[in-house]
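Here are my notes for you on this one, written as a few numbered points. Keep the structure open beside you while you read.

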Amino acid sequence: MPYDYDPENIFAKIVRGEIPNDTVLETAHSLAFNDIGPQAPVHVLVIPKGPYVNWDHFVAAASADEVLDFARAIHGVVEAKGLEPGADGQGYRLIMNAGEAGVQEVQHLHVHILSGKTMGRMVCD
Ligand code: AMP
């Protein structure tokens with residue numbers, strides 16, 4: 001399936017440095033920054049720097065280096081924020097919305113890392 005990536009989406013502008021972001025972590029192929037409208041005390045977005053619309057596009061078209069880098073960047077945020085699940089009640093939730101049914105707002109792949117409170121139901125109406 002062809003993926004129609006819009007280079008003018010807001011995360012593409014963040015990657016190009018055209019609009020500011022509150023960076024948490026940066027790697028060779030990925031960038032993590034605080035969500036502008038946090039839904040939990042910790043709400044970080046991790047994106048690949050490459051032009052991928054969603055997860056499906058990414059796994060089909062990205063290099064192995066990019067995929068590994070993205071996975072490790074997510075873990076890097078978890079580690080940097082001290083969110084690893086443990087006896088102290090920490091832990092986190094990863095959310096990756098895709099397409100209309102997933103209600104994906106920004107058409108550049110991103111994973112949400114949410115933590116700092118006990119999460120509610122997994123799916124809200
Ligand atoms: P989604 O519905 O999965 O596409 O989520 C998009 C997320 O991007 C939302 O949680 C927004 O609050 C967040 N967002 C939109 N613009 C910005 C921005 N300039 N900086 C940081 N987060 C943003």
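**Notes on the ligand and its pocket**

1. Let's start with who surrounds the ligand. α1 gives the largest share of the shell around the ligand, three residues. Both α1 and β2 supply at least two residues each to that shell. Do keep in mind that this is a predicted model.

2. Next, have a look at the residues themselves. There are 16 residues around the ligand, and the ones that come nearest are D35, N97, E105, H110 and H112. Sorted by class, the shell holds eight nonpolar, six polar and two charged residues.

3. N97 has an N or O atom in its side chain 2.8 Å from an oxygen atom of the ligand. H112 also uses its side chain: a polar atom there lies 2.8 Å from a ligand oxygen. With E105, it's a polar backbone atom that is 2.7 Å from an oxygen atom of the ligand. How much of the ligand does the protein bury? On its own the ligand exposes 500 Å², and the protein buries 86% of that.

4. Where does the ligand sit? You'll find the ligand in the largest pocket. That pocket holds about 960 Å³ of space. Its lining is made up of 34 residues, and D35, Q39, H43, N97 and H112 are the closest to the pocket's centre.

5. At least two lining residues come from each of α1 (10-15), β2 (30-34), β3 (42-48), β4 (93-95) and β5 (111-115). Here too α1 stands out, as three residues from α1 make up the largest share of the lining.

Definitions and conventions:
Residues are numbered from 1 along each chain as its sequence is written. This is a predicted model: local features need pLDDT of at least 70, side-chain atom pairs count only at pLDDT 80 or more; totals for chains, interfaces and linings use all residues. Side-chain values use heavy atoms; hydrogens and water are left out. On a 1 Å grid over the protein atoms alone, a cavity is a set of points where a 1.4 Å probe fits but cannot get out, and a pocket is an open set with protein on both sides within 12 Å along at least five of seven lines; lining residues have an atom within 4 Å of a point. Grid points are joined across faces, edges and corners, and a volume is the space filled by probe spheres set on the points. Helices (H or I, at least four residues) and strands (E, at least two) are DSSP runs, numbered from the N terminus. A residue is near a molecule or strand if one of its heavy atoms lies within 4 Å of it. A polar contact is a pair of N or O atoms within 3.5 Å; within protein, one must be able to donate a hydrogen and the other to accept it, and residues adjacent in sequence count only if both atoms are side-chain atoms. Accessible areas come from the Shrake-Rupley method with a 1.4 Å probe; for residues, only the protein chains shown count as cover. A molecule sits in a cavity or pocket if more than half of its atoms lie within 2 Å of its grid points. Ala, Val, Leu, Ile, Met, Phe, Trp, Tyr, Cys and Pro count as nonpolar, Asp, Glu, Lys and Arg as charged, and the others, Gly among them, as polar.
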